[in-house]
Amino acid sequence: MALIKLKLPDGNVLSFEEGITGADVARSIGEGLARVAIAVQLDGASLDLSAPIPHSGDFRVLTFDDDEGKHIFWHSSAHIMAEAVLRLFPGTKVAIGPAIEQGFYYDFDRDEPFTFEDLAAIEAEMKKIIKEGRAFQRCELARDEAVERFEKAGEVYKVELVGEIPLGETVSLYTSGGFTDLCRGPHVPDASRIKAFKLLSVAGAYWRGSEKNKMLQRLYGISFPKKAMLDEYIEKLEQAKARDHRKLGKELDLFSISDEIGPGLVLWHPNGAVIREVIEDYWRRRHREEGYLPVYTPIVGRAKIWETSGHLGFYNDNMYPPMIFEEGEQYFVRPMNCPFHIAIYRTQLRSYRDLPIRYCELGNDYRYERSGVLHGLLRVRGFTMDDAHIFCTPEQMIDEATGVYEFSLGMLRAFGFKEFGIYLSTRPEKFVGEVERWEKATEALEIALERVGLPWKVDDGGGAFYGPKIDIKVRDAIGREWQTTTVQFDFNEPERFDIYYIDENGEKAKPYMVHRALLGSLERFFACLVEHYAGNFPMWLAPVQAVVIPVSEKFAEYAKSVHQKLLKAQIRASLDNRPETIGYRIREAETSKVPFMLIVGERETESNSASLRSHADGDLGSMSLEEIIDKFNMEKNPPN
RNA sequence: GCCGAUGUAGCUCAAGGGUAGAGCAGCGGUCUUGUAAACCGCAGGUUGGGGGUUCGAUUCCCCCCGUCGGCUCCA
């Protein structure tokens, strides 16, 4: 009689007789664990609780606390939602319904759009299903049997999916209640596990993500094993809305986008512009320190240069139509800066001794983005890329890649970002350039990633056609990731523009070229920054750093002198001597999130001081002006 | 671009087949103030734009534009 030996995450090994199920093992570890167990994992593969453990190995019980556990939980929730939809709306066809990072969705094909009333009805039906608490049952059958079964049921999307599974393989189906779905599994043991859930939204989604296919209706939802967790999640969503950069942009008077001027075209108001200037100043200073050379280049160029670069071929969809001049010459507004930087490179014969050359520019670019994708400052049509192009020798490649990557992380950290999604994108199916160069460049990026040692993921085949890249993404208020940093090798343009340098042997050699943006675009980065700080900018970024508020008009003169002293000390200070109550003016300074208030009345006038109030910490008491200015001098500078 | 929702004063929102109302902000006054909203008054809108139905449309219908949530794409 063979024994099954299971090694738990804590290193303990438990032995069981053959035929034991995951549920049994969980129960033997503890009743509490058994109650919250969602599935189990054996050597990294997830199994249903009800399945017999097939062999010995590394074992763990999955709960909602594990990512895999959440995933299974949400996936099961999607099944329940689909069953509810089919009960209420017979004839609806089901497509796919996976778990996502935050919750789950299911795509349906139904002629009538789902209304909000429908959502409520679906939720009610789901409650019934959960109450019935039926088990999820797995069955396996041959691919063709599955095809036949779904054909009979008229589930054309399932037929298509099953049809792609290699002939002769078995496929697994899961049934719970009256709904059977093609599914790899595993699932929660039964529907009653889904204690709390909510349907969040309806959206259109193309079948398999392609515009050529039919648009389906996607229902999004979220679910939890406890009601309190759902409430907390909804509360968090509400709070996130308060940090939305579009909302704060209006409230703090940072920027606007005018319908009359055009969608996706940004107007930076003075408050936003001050912050942008601070970012730009810091950016320029850091780039000088890192050995970059500034350049300025025009935002339009002749058609010829875009033909040479290849943009008219591969980037045409995102470019505005040409301007035609009297001579019949066509000019294009630029979507990228690279051809101009290359043009500067080509003005001289470059020696290996000159390399690396790093040209940087805050370059304005205009890209046509389809109307449906525009999103506040996070996706716009006119933006400023914090761009640079590095030309280097093969020997310099690893140091350059590492240098840029570290530079980028330092930059993002200076602005308070601590969590990043880091991705290495490798060669796609369609590509240009020599495989060997691709491999070397990818290796250089990998070495850079390893040297720094932060966790990163591979996006296999996700590189641009012209080169591999590292991307860094940060999250917005509601958890969506937005790309900021991108570091991309380019094997296309150096070839097309035929750039070279003279190597040690006096021969022409092709430099490696890297495009990189650290912040991404000032617009997007600014949006992320606003959301990151929820508008409560640290002093070095705040548009107004301090406001002087006299208690009454009697102290206006003194307040004015305090204001002047702050201005002299290079502090962005304002003076609020309006004939409003002190409470009113303090409240206004608080809602506009000014980091510091200097309140001055009789006591302060006499002692040449001010009562300091901080937006973050409230009343700090009276201090001499010297003390306050010293304190400000410590806080008003960028980190490091 | 596609699917769905949505658009009322500077902002946040109400009402609704008989040409719209509040709070805040603005303006004028009174008050002269000690750590998150003093009081009184005034003004503010061709209800996103265009067309249709109707005696009458801001309300109902159609088209367009913008916005929001997705799909696709990407800084």
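Chain A of this predicted model holds 20 helices and 33 strands, where helices (H or I, at least four residues) and strands (E, at least two) are DSSP runs numbered from the N terminus. Along its principal axes, the C-alpha trace of chain A spans about 85 × 75 × 55 Å. Residues are numbered from 1 along each chain as its sequence is written, while chains are lettered from A and ligands numbered from 1 in the order in which they are written. Since the model is predicted, local features need pLDDT of at least 70 and side-chain atom pairs count only at pLDDT 80 or more, whereas totals for chains, interfaces and linings use all residues.

Of the 640 residues of chain A, 38% count as buried. A residue is called buried if 20 or more other C-beta atoms lie within 10 Å of its own, exposed if 12 or fewer, and partly exposed in between, with C-beta atoms placed from the backbone. Contacts are pairs of residues whose C-beta atoms, placed from the backbone, lie within 7 Å. If we look at contacts in chain A between residues at least 6 apart in sequence, 67% join residues at least 24 apart. The chain is divided into domain 1 (3-63), domain 2 (68-239), domain 3 (280-533) and domain 4 (546-635), with bounds that come from an automatic or database domain assignment. Between domain 2 and domain 3, the C-alpha centres lie 40 Å apart.

Next comes the sheet built from β9, β10 and β11. These three strands form an open sheet in the order β9-β10-β11, with antiparallel pairing; two strands pair if DSSP finds at least two bridges between them. At the edges sit β9 (137-142) and β11 (179-182), each pairing on one side only. Neighbouring strands here are turned by 30° against each other on average, direction ignored. Axes are lines fitted to C-alpha atoms, for helices over the stretch in contact, and angles run from 0 to 180 degrees between N-to-C directions. Six bridges join β9 to β10 (residues 170-176), and the two run antiparallel. Leu141, for one, has Val171 in β10 as its bridge partner. Helix α5 (residues 143-153) packs on this sheet and touches β9, β10 and β11, its direction making about 110° with that of β9.

Over in another part of the chain, helix α12 (residues 338-345) is mostly covered, as six of its eight residues are buried. The buried ones are Cys338, Pro339, Phe340, His341, Ile342 and Tyr345. They pack against β17 (300-302), α10 (303-309), β20 (357-366), β21 (382-392), α15 (493-496) and β28 (512-521).

What about the surface near RNA strand B? A residue is near a molecule or strand if its C-beta atom, placed from the backbone, lies within 6 Å of it. Of the 61 residues around RNA strand B, Gly204, Gly372, Gly520, Gly601 and Ser611 come nearest. Helix α18 (residues 582-591) gives the largest share of this surface, seven residues. Sorted by class, the surface has 20 nonpolar, 19 polar and 22 charged residues; Ala, Val, Leu, Ile, Met, Phe, Trp, Tyr, Cys and Pro count as nonpolar, Asp, Glu, Lys and Arg as charged, and the others, Gly among them, as polar.

A cis peptide bond joins Gly185 and Pro186, with omega about -5°, and Pro186 has its place in the loop between β11 and β12 (196-206). Leu355 and Pro356 are also joined by a cis peptide bond, with omega about 0°; Pro356 belongs to the loop between α12 and β20. Asp43, a residue other than glycine, has a positive phi near 50°. Asp43 sits in the loop between β3 (39-42) and β4 (45-47) and is exposed, with 11 other C-beta atoms within 10 Å. For Ala534, too, phi is positive and near 50°. Ala534 is found in the loop between α16 (522-533) and β29 (546-550) and counts as partly exposed, with 16 C-beta neighbours inside 10 Å.

Key: Contact = placed C-beta atoms within 7 Å.
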